[in-house]
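Visitor: I've got a model to look over and would like a guided tour. Could we go through it by question and answer?

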Amino acid sequence: MILINTRPKDLSGKINELCGQEGIGLQNIYLSKIIPIEIDTDNGVYKEIFENLDKYSNFIFTSQAAVKNGAKLIKLKSKLLNKKHKFFAVGDSTKQALTSEGYMAIVPDNKSSDGLVEMIKNSFPGKSLVICGDNTNMNLQKKLSGNLDEIRCYKLEYSKKSIDNIISSPAIILIYNYLTFEFIFKNLNQDSLKNKFFVVASERIKSKITDLSLGFNIKVFVSKSALDEDMIIKAKEFI
């Protein structure tokens, strides 16, 4: 059975490398691409935030794309940072991305935005700054409301033409975020959904898929984490 990767091309290097090493047949269907949002740290809507980075205790990154497009902005104002500042990632893949940028990241045991909210409320007081994309689900913003600001540094642009590349025969589709599944569900022929196995990166994504697809027999399986290695381990159960 073929394995289908749906991530943007910019984030697909590792999955291609791992599948090549293991001889797994992988089809890349880049359903979306990451579009950086141009931000001037000295002017514009985020000027006040960047002038006062020292007032934040916690810097939260929601995805690898947030790290890629947002960490460089924080570095531009690195003189305002100190050892008391904490960096947080929702999951292990984002933690790895932060590590590669030179930041020691903290990840909650419950690798989700809910887990992160609980951990920050219980153990890390102070104001938080979330670095995210325009596709944010607003969970962090709502639950840390009043003590959190945000910077949106990228957006996801989906392409309906790419849906035509998804084969009609049985396949395993890797889903790293809910919006990607939603896009597939709304644009792929419903008959083609019946013979697909969806390996998703979290229980939260599965729960939202279940709510969306009531009445459909969607086969959804949850990976141990959003790491490419764990996604492949789960997918191999069906190959």
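This is a predicted model: local features need pLDDT of at least 70, side-chain atom pairs count only at pLDDT 80 or more; totals for chains, interfaces and linings use all residues.

Visitor: Let's start with H7 and H9. Are they roughly parallel or roughly antiparallel?
Guide: Helix H7 covers residues 178–187 and helix H9 covers residues 203–212, and their axes cross at roughly 25°. Angles under 35 degrees count as roughly parallel. That makes the orientation of H7 to H9 roughly parallel.

Visitor: And which hand does the crossing of H7 and H9 have?
Guide: The axes of this pair come within 9 Å. As H7 passes H9, the crossing is right-handed.

Visitor: How many charged residues are in the contact of H7 with H9?
Guide: H7 brings Tyr 178, Phe 181, Glu 182 and Phe 185, while H9 brings Ile 205, Lys 208, Ile 209 and Leu 212. Sorted by class, six of them are nonpolar and none is polar. The number of charged residues is two.

Visitor: On to the largest pocket. Which element gives the most to its lining?
Guide: This pocket has a volume of about 1,100 Å³. It is lined by 46 residues, and those closest to its centre are Thr 62, Val 90, Tyr 176, Asn 177 and Ile 205. Ile 205 is also one of the H9 residues in the contact with H7. With four residues, the element that gives the most to the lining is H9.

Visitor: Which elements give two or more residues to the lining of the second largest pocket?
Guide: About 180 Å³ of space lies in this pocket. Of its 13 lining residues, Arg 7, Lys 14, Gln 64, Gln 96 and Asp 228 are the closest to the centre. By class, the lining has three nonpolar, five polar and five charged residues. The elements you want are helix H1 (13–22), helix H4 (92–100) and helix H10 (228–235).

Visitor: Which residues of H10 make the contact with H1?
Guide: From H1 come Lys 14, Ile 15, Leu 18, Cys 19 and Glu 22. The contact divides into four nonpolar, no polar and four charged residues. On the H10 side, the residues are Asp 228, Glu 229 and Ile 232.

Terms used: Residues are numbered from 1 along each chain as its sequence is written. Side-chain values use heavy atoms; hydrogens and water are left out. Axes are lines fitted to C-alpha atoms, for helices over the stretch in contact, and angles run from 0 to 180 degrees between N-to-C directions. Angles under 35 degrees count as roughly parallel, over 145 as roughly antiparallel, 65 to 115 as roughly perpendicular and the rest as oblique. A crossing is left-handed if the near helix is turned anticlockwise from the far one by less than a right angle, and right-handed if clockwise. Contact means heavy atoms within 4.5 Å. Ala, Val, Leu, Ile, Met, Phe, Trp, Tyr, Cys and Pro count as nonpolar, Asp, Glu, Lys and Arg as charged, and the others, Gly among them, as polar. On a 1 Å grid over the protein atoms alone, a cavity is a set of points where a 1.4 Å probe fits but cannot get out, and a pocket is an open set with protein on both sides within 12 Å along at least five of seven lines; lining residues have an atom within 4 Å of a point. Grid points are joined across faces, edges and corners, and a volume is the space filled by probe spheres set on the points.
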